[in-house]
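Reader: I would like to work through how a few features are read from a model. Please take them one at a time.

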Amino acid sequence: MSRIGNLPIPIPGGVQVSVDKANIVTVKGNLGELKQEVDQAISIKISEKQIQLERSTDEIDHRAKHGLYRALINNMVKGVSEGFRIEQELVGVGYKAEAKGQIIEFSLGYSHSVIMELPEEVKVQTVVERGKNPAIILTSHDKQLLGQIAAKIRSLRKPEPYKGKGILFKGEILRRKAGKAASEK
């Protein structure tokens, strides 16, 4: 019995959901349009206000996919109606980011600037406040793409546990380590 897979997905106003014969779900809303191919073992029933997913058998693979596709479709519905947002902060002396349209230019302590081009679906905003670390705010209707971009940005300068420098997600708690102790003679 899949607890997540059996939950119905509510359809908010302004969102249209359709399924074609190849089992491809299309979700349209005011923020965009998303498509997801669903395994043939999972059947999708759309009513006026909700989507219900059902699996054909109780095989382990089908039970796993039942919950997976329910979560993916739920994220699609939420994305086209509300959108998703990820905030990251740059911790370190001289670390900064500057957004120019769909291009972000990072200064992360390397001998050169790191330039990253973002897809059209992701909107970026940089925030610099006096006395606070520079921040990057990413917004999109596609949760998978947004998480992938955020992970790519974080990989440019992963947080290190000794000084705490690097690119962190907002509110992330970093476990700090003690430095090398001085040796006694």
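This is a predicted model: local features need pLDDT of at least 70, side-chain atom pairs count only at pLDDT 80 or more; totals for chains, interfaces and linings use all residues.

Reader: How many residues does α2 have, and what span does it reach?

Author: α2 has 13 residues. From its first C-alpha to its last it reaches 18 Å, close to the 18 Å expected at 1.5 Å a residue.

Reader: Which residues of α2 are buried?

Author: An α-helix has 3.6 residues a turn, so residues three or four places apart point the same way. In this helix, the buried residues are Leu145, Leu146, Ile149, Ala150 and Ile153. They cover an arc of only 130° around the axis, and therefore lie on the same side of α2.

Reader: Which strands do the buried residues of α2 pack against?

Author: They pack against β7 (84-91), β9 (103-107), β10 (114-117), β12 (135-140) and β13.

Reader: Which residue caps the N-terminal end of α2?

Author: A cap is read from a side-chain atom and a backbone atom at the helix end. Here Asp142 has a side-chain oxygen 3.3 Å from the backbone nitrogen of Gln144.

Reader: Is Gln88 buried or exposed?

Author: Gln88 counts as buried because its relative accessibility is 0%, and buried means under 20%. Gln88 has its place in strand β7. A polar atom of its side chain lies 2.9 Å from the backbone oxygen of Ala150. Beyond four places in sequence, the contacts of Gln88 include Ile136, Leu138, Ala150, Ile153, Ile167 and Phe169.

Reader: Where is Thr26 found, and what does Thr26 touch?

Author: Thr26 is in strand β3 (residues 24-29). Its relative accessible area of 12% makes it buried. Not counting residues up to four places away in sequence, Thr26 touches Gln16, Val17, Ser18, Glu33, Leu34 and Lys35.

Reader: Where does Lys165 lie?

Author: Lys165 lies in the loop between α2 (143-155) and β13 (166-169). Its relative accessibility is 32%, so Lys165 counts as partly exposed. Leaving aside neighbours within four places in sequence, its contacts are Val91, Gly92, Tyr95, Lys158, Pro159 and Glu160. Gly79 is 86 residues from Lys165 along the chain, and their C-alpha atoms are separated by 32 Å.

Reader: What lies over the face of Tyr110?

Author: Arg157 does, at 4.3 Å from the ring centre.

Technical notes. Residues are numbered from 1 along each chain as its sequence is written. Side-chain values use heavy atoms; hydrogens and water are left out. Helices (H or I, at least four residues) and strands (E, at least two) are DSSP runs, numbered from the N terminus. Buried means under 20% relative accessible area, exposed over 50%, partly exposed in between (1.4 Å probe, protein chains only). Contact means heavy atoms within 4.5 Å. The expected span of a helix is 1.5 Å times one less than its number of residues. The arc is that of the directions from the helix axis to the C-beta atoms. A polar contact is a pair of N or O atoms within 3.5 Å; within protein, one must be able to donate a hydrogen and the other to accept it, and residues adjacent in sequence count only if both atoms are side-chain atoms. A charge sits over a ring if NZ of Lys or CZ of Arg is within 6 Å of the ring centre and within 35 degrees of the ring normal.
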